[in-house]
Amino acid sequence: MADNEKDGCVACKKKSRWREDFPVEWESDNYITRREMVKFLALGSLTIAGANFVLAGLPHLAKAAQLPRTRIGLASSLPVGGSKLFAYPTEEDPCILVRQANGDLVAYSQVCTHLSCAVVHNEEENALFCPCHHGYFTVAEGRPYAGPPTRPLPRIKLEQQGNEIFAIGVEVG
Amino acid sequence: MTNGTPLNGLGMEFFIDHSRCIGCRACMQACEECDTHRGVSMIHLEEIMRADSVQTAPQVCMHCEDPICAQVCPADAIKKTADGVVQSSLKPRCIGCSNCVLACPFGVPKYKAEINQMMKCDMCYDRTSIGKRPMCATVCPSGALTFTTRENIERTRQGVAIREWQFGDEVVRTKVNVLVPRSVHRIDVTVEQIGRTKTDEYDVATLLAGD
């Protein structure tokens with residue numbers, strides 16, 4: 001092999017692009033260029049932002065999923081101030097239906113948002129009362145106003161057809 | 001930084017004097033003691049013309065200026081630090097392909113099947129980078145493996161320390177020195193097997209192949 005040919009080969013070895021990308025030297029291997037870092041930050045931020053949108057959108061998608069339409073009972077069987085227990089959307093989710101003083105019907109999940117005890121209707125104070133830690137929720141909105149709970153009870157959407165009441169959905173928050 | 005730059009600025013270099021090796025394997029034992037690869041020696045003790053001679057030769061990594069093991073690594077797992085020490089394979093990268101094992105002219109890298117990774121001598125980088133001597137050099141009773149200054153070697157040894165090798169057409173410069181007679185300036189390893197040079201009785205490859 002001629003000397004100049006050898007030199008040419010050494011030169012081409014040094015020039016090749018992949019050798020720059022995969023250097024043998026420890027420092028060059030660990031060196032991060034400004035461009036690489038900006039790329040990483042930009043793509044990382046985009047990924048996190050995108051993930052946030054996805055997470056924010058998931059509950060809406062879940063809501064869009066059809067919940068069953070379940071018959072609760074007859075409206076006439078519930079007097080003013082009376083309450084009735086039922087389960088919705090599955091047999092494992094206890095709920096409570098209350099007829100308010102003005103005659104309107106409202107329904108909430110019976111699971112207290114504090115530590116999941118069952119709330120009951122307290123007619124004297126016109127509240128949904130959790131006996132475990134004395135939590136109180138308003139009957140009109142399901143908002144907590146006393147005791148440890150901080151989040152409102154999930155509201156069950158109702159539909160009345162003639163005398164019959166149906167549960168058609170759940171509204172969280 | 002060039003290959004000859006001493007570690008840690010202390011002027012310490014590694015020297016191998018094969019003529020002093022007595023084959024006691026203390027270096028291998030000491031190497032195994034190291035916590036970074038406990039139980040596995042990174043030093044190989046070669047036996048030269050075993051039928052006729054008791055000559056042995058310790059083989060540590062020579063830390064080439066242009067490490068061919070790193071050049072052939074497809075996984076980018078072997079790196080050379082600024083002080084010229086070629087490190088063992090990076091565990092998250094090594095794919096156990098054994099390219100380096102085949103490429104190294106000194107036969108240093110060894111593939112460990114049980115961990116599917118190549119392991120090789122890194123001149124006890126944890127020790128030498130803070131000014132301590134490598135494990136093998138601390139125990140060698142005959143001074144075949146020495147970690148000291150060049151001045152010290154020139155003052156105390158008869159031979160001369162060189163670090164240039166010729167393998168066929170390829171010139172290899174290393175960080176580790178070997179002590180040879182004063183007349184020698186470069187070690188020619190004739191590549192008889194591939195017909196590059198004519199048969200020589202003292203060809204290194206032939207000597208190693210002999211049993």
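## A helix with a buried face

In helix 1 (residues 26-33) of chain B, the buried residues are B:Cys27, B:Ala30 and B:Cys31. Buried here means that 20 or more other C-beta atoms lie within 10 Å of the residue's own; 12 or fewer makes a residue exposed, anything in between partly exposed, and C-beta atoms are placed from the backbone. Helices (H or I, at least four residues) and strands (E, at least two) are DSSP runs, numbered from the N terminus.

Why do the buried residues of helix 1 of chain B line one face of the helix? Looking down the axis, they fall within an arc of 100°, so they share one face; the arc is that of the directions from the helix axis to the C-beta atoms. An α-helix has 3.6 residues a turn, so residues three or four places apart point the same way. The cover over these buried residues includes strand 3 (56-59), helix 5 (135-139) and strand 6 of chain B.

## About the model

This is a predicted model, in which local features need pLDDT of at least 70 and side-chain atom pairs count only at pLDDT 80 or more, while totals for chains, interfaces and linings use all residues. Residues are numbered from 1 along each chain as its sequence is written, and chains are lettered from A and ligands numbered from 1 in the order in which they are written.

## The open sheet of chain B

Chain B has an open sheet of five strands in the order 6-1-8-7-9, with mixed pairing. Its edge strands are strand 6 (145-149) and strand 9 (187-189), each of which pairs on one side only. On average, neighbouring strands of this sheet are turned by 45° against each other, direction ignored; axes are lines fitted to C-alpha atoms, for helices over the stretch in contact, and angles run from 0 to 180 degrees between N-to-C directions.

Strand 7 (residues 160-167) and strand 8 (residues 170-180) of chain B pair in the antiparallel sense over seven bridges. Two strands count as paired if DSSP finds at least two bridges between them. Opposite B:Ile162 stands B:Val178, in strand 8 of chain B.

## Chain A and its strand 6

Chain A has four helices and ten strands, and along the sequence the pattern is α-α-α-α-β-β-β-β-β-β-β-β-β-β. Of its 173 residues, 14% count as buried.

A:Ala127 lies in strand 6 (residues 127-130) of chain A. Is A:Ala127 buried or partly exposed? With 18 other C-beta atoms within 10 Å, A:Ala127 is partly exposed. Leaving aside neighbours within four places in sequence, A:Ala127 is in contact with A:Asn122, A:Tyr136, A:Phe137, A:Thr138 and A:Val139; contact means that the C-beta atoms of two residues, placed from the backbone, lie within 7 Å.

## Backbone points to look at

Most residues other than glycine have a negative phi, and most peptide bonds are trans. The peptide bond from A:Tyr88 to A:Pro89 is cis, with omega near 0°, and A:Pro89 is found in the loop between strand 2 (83-87) and strand 3 (94-99) of chain A.

In chain B, B:Asp76 has a positive phi near 60° and sits in the loop between helix 2 (68-71) and helix 3 (99-103). B:Asn116 also has a positive phi, of about 50°, and lies in the loop between strand 4 (110-112) and strand 5 (117-119). B:Asp76 is partly exposed, with 15 C-beta neighbours inside 10 Å, whereas B:Asn116 is exposed, with 11 other C-beta atoms within 10 Å.
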